[in-house]
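Hi,

Here is the structure I promised to pass on. Have a look at it first, then read my notes below.

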Amino acid sequence: MTDASAGRVSAVTSAVARQVRELRAARGWSFEELAGRSGVSKGMLVQIEGARTNPSIGTLCRVADAFGVNIAQLLEPAEESTVRITAAGEAPVLWRGEHGGSAQLLSGLGEPDLVELWDWRLEPGETHHSPDHPRGTREVLHVLTGTATVVVDGVAHVVRAGETIEFHADREHGYRNTGDEPVRLAMVVVTPSGEWDRRTRSRRPRPE
């Protein structure tokens with residue numbers, strides 16, 4: 001890992017630690033309460049708030065869902081700006097495949113629904129499994145190059161370059177590259193706003 005890459009990882013880890021700590025404190029939740037709502041262990045949450053771990057994309061999704069925010073808010077503080085341009089190198093890489101694939105979170109919006117824009121690259125043989133998101137979450141994937149296999153609730157769908165797939169993501173799903181060429185796809189994730197409690201599978205409005 002280069003010094004620049006290590007610096008970006010450190011910045012992301014610090015930002016997540018700060019945001020999780022502030023969001024939890026603002027709600028008056030204990031570690032146990034957040035663990036119950038998110039399905040992330042208390043030990044992992046302590047590590048996250050202490051900036052002692054680089055959480056996986058799945059862990060970030062669960063924590064963000066519990067707070068009723070998107071992953072982008074966990075990565076950096078809100079800015080008072082009506083226009084923002086982000087260079088490709090500034091977008092955090094939140095997943096890396098075993099053969100060199102990656103997933104970058106390009107942008108995120110928090111109102112009125114939670115919207116995330118991703119750039120995914122899957123090398124041949126790579127697979128990413130995603131747990132179910134909060135009820136009502138939808139994903140739209142547009143394949144730019146290669147052929148992706150998108151599995152939704154156990155059913156595989158082959159999506160070729162130039163094609164788009166849209167599905168309910170509040171069930172188990174995943175993406176894989178079973179071909180011989182790299183796959184690149186653009187992904188939009190839309191989740192209704194509100195805090196999500198995995199214990200009760202229920203949602204309530206975020207606190208003002």
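A quick definition before we start: helices (H or I, at least four residues) and strands (E, at least two) are DSSP runs, numbered from the N terminus. This is a predicted model, where local features need pLDDT of at least 70 and side-chain atom pairs count only at pLDDT 80 or more, while totals for chains, interfaces and linings use all residues. Residues are numbered from 1 along each chain as its sequence is written, and side-chain values use heavy atoms, with hydrogens and water left out.

Let's begin with a strand. Serine 130 belongs to β4, which covers residues 127–130. Is serine 130 buried or exposed? Its relative accessibility is 6%, so it counts as buried (buried means under 20% relative accessible area, exposed over 50%, partly exposed in between, with a 1.4 Å probe and protein chains only). Leaving aside residues up to four places away in sequence, serine 130 touches Glu172, His173, Gly174 and Tyr175; contact means heavy atoms within 4.5 Å.

Next, the sheet. Six strands make an open, antiparallel sheet in the order β1-β2-β3-β10-β5-β8 (two strands pair if DSSP finds at least two bridges between them). β1 (93–96) and β8 (164–168) are at the edges with a single partner strand each, so one side of each has no neighbour in the sheet.

Zoom in on β1 and you'll find three bridges joining it to β2 (residues 102–109), running antiparallel. Tryptophan 95 sits opposite alanine 103 of β2, and valine 93 has glutamine 104 as its bridge partner there. The two strands form a hairpin with five residues between them, and glycine 100 in the turn has a positive phi of about 110°.

Now the helices. In α3 (residues 42–49), the buried residues are Leu45, Ile48 and Glu49. Looking down the axis of α3, these fall within an arc of 90°, so they line one face of the helix; the arc is that of the directions from the helix axis to the C-beta atoms. Just after α3, alanine 51 has a positive phi of about 55°.

Finally, how do α2 (residues 31–38) and α4 (residues 57–67) meet, and at what angle do they cross? Their axes come within 8 Å and cross at roughly 105° (axes are lines fitted to C-alpha atoms, for helices over the stretch in contact, and angles run from 0 to 180 degrees between N-to-C directions). The contact is made by Leu34, Arg37 and Ser38 of α2 with Arg62, Val63, Ala66 and Phe67 of α4.

Cheers
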